[in-house]
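Visitor: I would like to learn how to read a model like this one. Could you walk me through it?

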Amino acid sequence: MSYLSKTRVTDCYCGKIVILKTSWTNDNPGQRFRVCPNIGGGRAIIAGLLRKQKACDEKIASLKKRLRVMAAVIVLLGLSLLF
Ligand SMILES: [Zn+2]
């Protein structure tokens with residue numbers, strides 16, 4: 001039995017039927033919640049995706065920096081073997 005079928009779908013104070021959504025934010029990943037269609041939870045989802053994207057970009061930048069350092073070490077080791 002799903003969460004929705006156990007509980008009665010309720011109306012918002014504004015008269016709209018609330019929608020069951022899944023959170024994609026970092027704070028509550030996978031958390032189900034109800035939202036009024038008049039409010040729109042899209043902003044929280046986009047903010048969570050942007051935070052996730054920023055974390056990925058920072059990780060990529062960090063890995064690129066490590067790669068440059070490792071390439072420099074390999075070049076220096078190669079040069080030291082020549083002389
Ligand atoms: Zn409402």
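**Reading the model step by step**

Guide: Gladly! Let us begin with the overall order of elements: along the sequence, the protein runs α-β-β-α. That pattern is made up of 2 helices and 2 strands.

Visitor: How should I judge confidence, and which elements have the lowest and the highest mean pLDDT?

Guide: Keep in mind that this is a predicted model, so start with pLDDT, the predictor's confidence in each residue. Here the protein averages a pLDDT of 81, and 82% of the residues score at least 70. Among its elements, helix H1 (residues 3–6) has the lowest mean, 43, while helix H2 (residues 42–82) has the highest, 91. Residues 1–7 have a pLDDT below 50, and this stretch makes 3 contacts in the model beyond near neighbours in sequence.

Visitor: What about burial? How many of the residues count as buried?

Guide: The general idea is to count neighbours: a residue is buried if 20 or more other C-beta atoms lie within 10 Å of its own, and exposed if 12 or fewer do. In this protein of 83 residues, 0% count as buried.

Visitor: Where is isoleucine 19, then, and why does isoleucine 19 count as partly exposed?

Guide: Isoleucine 19 sits in strand E1 (residues 19–22). It counts as partly exposed because isoleucine 19 has 15 C-beta neighbours inside 10 Å.

Visitor: Which residues does isoleucine 19 touch, leaving out those up to four places away in sequence?

Guide: Isoleucine 19 touches Arg34, Val35 and Pro37. Take proline 37: it lies 18 residues from isoleucine 19 in sequence, yet their C-alpha atoms are 6.8 Å apart in space.

Visitor: Now a loop, please. Is asparagine 26 buried or exposed?

Guide: Asparagine 26 belongs to the loop between E1 and strand E2 (32–35). Asparagine 26 is exposed, because 12 other C-beta atoms lie within 10 Å. Setting aside neighbours within four places in sequence, asparagine 26 is in contact with Gly48, Arg51 and Lys52.

Terms used. Residues numbered from 1 in each chain as written. Predicted model: local features only at pLDDT ≥ 70, side-chain atom pairs only at ≥ 80, totals over all residues. pLDDT = per-residue confidence, 0-100. Helix = DSSP H or I, 4+ residues; strand = E, 2+ residues; numbered from the N terminus. Contact = placed C-beta atoms within 7 Å.
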